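Hi everyone, thanks for coming.

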Amino acid sequence: MPQSISVILVGLGNVGRKVMRLLSEKEEWLRRRYDLEFRVVGAADSSGAAIAVATGERPVFGSAPRAPALDLKAILALKEAGQGIAALPAFGRAGLSAQEMIEKTGAGVLIEMSPTNLRDGQPGLGCVTAAIEKGMHVVLANKGPLVLDYPRLAEAARKK
């Protein structure tokens, strides 16, 4: 029985979609070669960001938390059709922020790929902070949180 690793994906743009494709395409190979199974139990995107940016508000992320795992092919089809994750049938939730999803979902790993915001680091900084506080492993494609708050994040990670 493979070791199961639960993952949350935040940011489903170009990088996020590539990560989903790789996890989907390499699923059997990862199981055979490393005896690992990656289960995406939550995903969030900024499908409401254009309105939020225009009004000066922070984006509210649509989220889709689920266990045991989300269907990556269904999410990819949704994104390719130009829709946000909140439109995912049965599991999408508009208005649930990525940070709230992290706090409510018992995942072991956060892969943070949201667009870099060098003014306040959000939503990435909040997501990374929440994940570290929960004792999760964190992988960052978005370096904004590190640029803005590395000393605090490093100290919080050392304490966990």
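First, some ground rules. This is a predicted model, in which local features need pLDDT of at least 70, side-chain atom pairs count only at pLDDT 80 or more, and totals for chains, interfaces and linings use all residues. Residues are numbered from 1 along each chain as its sequence is written, and side-chain values use heavy atoms, with hydrogens and water left out.

So what is pLDDT? It is the predictor's confidence in each residue, on a scale from 0 to 100. The protein chain averages 87, and 88% of the residues score at least 70.

Which element has the lowest mean pLDDT, and which the highest? Helix α3, residues 49–55, is lowest with a mean of 40, while β4 is highest with 97. Over residues 49–57 pLDDT stays under 50, and for that stretch the model has four contacts beyond four places in sequence. A contact here means heavy atoms within 4.5 Å. Where pLDDT is low, the predicted coordinates should not be read in detail.

Now to the salt bridges. The term means a side-chain nitrogen of Lys or Arg within 4 Å of a carboxyl oxygen of Asp or Glu. By this rule the count comes to seven. I will also say how covered each residue is: buried means under 20% relative accessible area, exposed over 50%, and partly exposed in between, using a 1.4 Å probe and protein chains only.

Let's find K79 and D45. Their side chains meet in a salt bridge, 2.8 Å from N to O. This pair links distant parts of the chain, with K79 in helix α4 (residues 72–80) and D45 in strand β2 (residues 36–45), 34 residues apart. Are these two buried or exposed? K79 counts as buried because its relative accessible area is 16%, and D45 is buried too, at 1%.

Next, look at helix α2, residues 27–34, where R31 and E28 sit three residues apart, about one turn of the helix. Their side chains form a salt bridge at 3.1 Å, N to O. R31 has 24% relative accessibility, so it counts as partly exposed, and E28 is partly exposed at 40%.

Helix α7 holds another such pair, E155 and R158, three residues apart, about one turn of the helix. The closest N and O atoms of this salt bridge are 3.4 Å apart. E155 is partly exposed, with a relative accessible area of 35%, whereas R158 counts as exposed at 61%. Elsewhere, salt bridges that share partners join E27, E28, R31 and E37 into one network.

Stay with helix α7, residues 144–159, and find V147. V147 is exposed because its relative accessible area is 59%. Together with L118 and L148, V147 forms a nonpolar patch on the surface, with about 280 Å² of accessible area. Patches are made of residues with over 30% relative accessible area and no salt bridge; like charges are joined within 9 Å, and nonpolar side chains (Val, Leu, Ile, Met, Phe, Trp, Tyr) within 5 Å. The areas come from the Shrake-Rupley method with a 1.4 Å probe, and for residues only the protein chains shown count as cover.

Last, the loops. T105 lies between α5 (98–104) and β4 (109–112), and at 11% relative accessibility T105 counts as buried. A polar atom of the T105 side chain lies 2.7 Å from the backbone oxygen of M101.

Which peptide bond is cis? The one from Q122 to P123, with omega near 5 degrees. P123 sits in the loop between β4 and α6 (124–133) and counts as buried at 16% relative accessibility.

Two residues have a positive phi although they are not glycine: D35, at about 60 degrees, and A90, at about 75 degrees. D35 is in the loop between α2 and β2 and is partly exposed at 39%. A90 is in the loop between α4 and α5 and is exposed, with a relative accessible area of 77%.

Terms used
Helices (H or I, at least four residues) and strands (E, at least two) are DSSP runs, numbered from the N terminus. A polar contact is a pair of N or O atoms within 3.5 Å; within protein, one must be able to donate a hydrogen and the other to accept it, and residues adjacent in sequence count only if both atoms are side-chain atoms.
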